[in-house]
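Me: I would like to go through this model with you, contact by contact. Could you take me through it, please?

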Amino acid sequence: MKALMILWRRELALAWAGGGGPLLACGFFLCLTVLVPLASGSDPTALKPIAGGVAWVALAVSSILSLERLFERDFEDGTLDLLTLGPAPLELTVIAKAKAQWLAVGWPLALTAPVAAITLGLPVSLAPLAALTALIGGLGFALTGALGAALALGSKRGGMLIAVVVLPLFIPPVIFGAGALERAANGQSPGPALAFLCAYVLFAGVITPFAGAAAIRNAQG
């Protein structure tokens, strides 16, 4: 546990020291949500029905930006070999890195999500729900993103490969998160969509550590 705590604190420090990854993700997220109204016109009635969906698509794309550095940097300098031989199982190392990714990038994006959604026309009363769904979905993005980063380990165009692998896996949380906001905007309960979103996160939490550790061992040869 001590080794995992040290690794977790190291990952958080690297996330902020390596060029401001969270700030870059949040800036990219806000830029995407600003471009949509500029492209579709200034009519708020046209943007309101798609506000939740657009915000969630922008959230998913923004979550990919810092995934390439999750394992590649440690793989190149030999740190990943030391982590593999360390006291903590590699599966727990994958989870620790995914958790650090969620705290460093997912939380700032979740705090930015209500502002972006309101800008697109979402009612202000749904801002807490937008933040909650983005926080839960961000954990799912971090887990599946860690799996994609592990699968792309050692490739020459890792960033492109991560996007190809991860984007299809991001479709379910985008559907469930946007569905929760749409149901709430129509006066219905967002509970079913939130339940599916949480189920996706639990499924990713079970699959990612084992599949990610296997991909890392395969890349190490």
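**Helix contacts and ring pairs**

Reply: Val 164 is exposed, at a relative accessible area of 53%, where exposed means over 50%, buried under 20% and partly exposed in between (1.4 Å probe, protein chains only). This is a predicted model, in which local features need pLDDT of at least 70 and side-chain atom pairs count only at pLDDT 80 or more, while totals for chains, interfaces and linings use all residues. Residues are numbered from 1 along each chain as its sequence is written, and side-chain values use heavy atoms, with hydrogens and water left out.

Me: Where is Val 164 placed?

Reply: Val 164 belongs to helix α9 (residues 158–169). Helices are DSSP runs (H or I, at least four residues), numbered from the N terminus.

Me: Changing topic: how many salt bridges does the rule count?

Reply: The count is one salt bridge, defined as a side-chain nitrogen of Lys or Arg within 4 Å of a carboxyl oxygen of Asp or Glu. Its partners are Arg 217 and Glu 91, at 3.4 Å from N to O.

Me: Which helices hold Arg 217 and Glu 91?

Reply: Arg 217 is in helix α11 (residues 191–220) and Glu 91 is in helix α7 (residues 90–119), so the pair ties together parts that are 126 residues apart in sequence. Arg 217 is partly exposed, at 39% relative accessibility.

Me: What else is in α7?

Reply: Ala 98 is in helix α7, and Ala 98 is buried, with a relative accessible area of 0%. The C-alpha atoms of Ala 98 and Ala 146 are separated by 5.8 Å, although the two residues are 48 residues apart along the chain.

Me: Now α4 and α10: at what angle do their axes cross?

Reply: The axes of helix α4 (residues 51–62) and helix α10 (residues 171–185) cross at roughly 145 degrees and come within 8 Å. Axes are lines fitted to C-alpha atoms, for helices over the stretch in contact, and angles run from 0 to 180 degrees between N-to-C directions.

Me: Is that crossing left-handed or right-handed?

Reply: The crossing of α4 and α10 is right-handed. A crossing has that hand if the near helix is turned clockwise from the far one by less than a right angle, and is left-handed if anticlockwise.

Me: Which residues make the contact?

Reply: From α4 they are Gly 52, Gly 53, Trp 56, Val 57 and Ala 60, and from α10 they are Pro 173, Val 174, Gly 177, Ala 178 and Leu 181. By class, the contact of α4 with α10 has seven nonpolar, three polar and no charged residues. Here Ala, Val, Leu, Ile, Met, Phe, Trp, Tyr, Cys and Pro count as nonpolar, Asp, Glu, Lys and Arg as charged, and the others, Gly among them, as polar.

Me: On to the rings. How many aromatic pairs are there?

Reply: There are four aromatic pairs in the structure. Rings of Phe, Tyr and Trp (its six-membered ring) pair if their centres lie within 6.5 Å; planes under 30 degrees apart count as stacked, over 60 as edge-to-face and the rest as tilted. For Trp 56 and Phe 141, the ring centres are 5.9 Å apart and the planes are at 65 degrees, so this pair is edge-to-face. Trp 56 lies in helix α4 and Phe 141 in helix α8 (residues 127–151), so the pair ties together parts that are 85 residues apart in sequence.

Me: Are Trp 56 and Phe 141 buried or exposed?

Reply: Both Trp 56 and Phe 141 are buried. Phe 176 and Phe 196 form a stacked pair, at 5.3 Å centre to centre and 25 degrees between the planes. Phe 176 lies in helix α10 and Phe 196 in helix α11, so the pair ties together parts that are 20 residues apart in sequence. Phe 176 is partly exposed, at 23% relative accessible area, and Phe 196 is exposed, at 51%.

Me: Which rings are linked into a cluster?

Reply: Ring pairs link Trp 56, Phe 141 and Phe 170 into a cluster.

Me: And what does Thr 144 contact?

Reply: Apart from neighbours within four places in sequence, Thr 144 is in contact with Val 166, Leu 169, Phe 170, Tyr 200, Ala 204 and Thr 208. Thr 144 is in helix α8 and is buried, at 6% relative accessibility.

Key:
Helices (H or I, at least four residues) and strands (E, at least two) are DSSP runs, numbered from the N terminus. Contact means heavy atoms within 4.5 Å.
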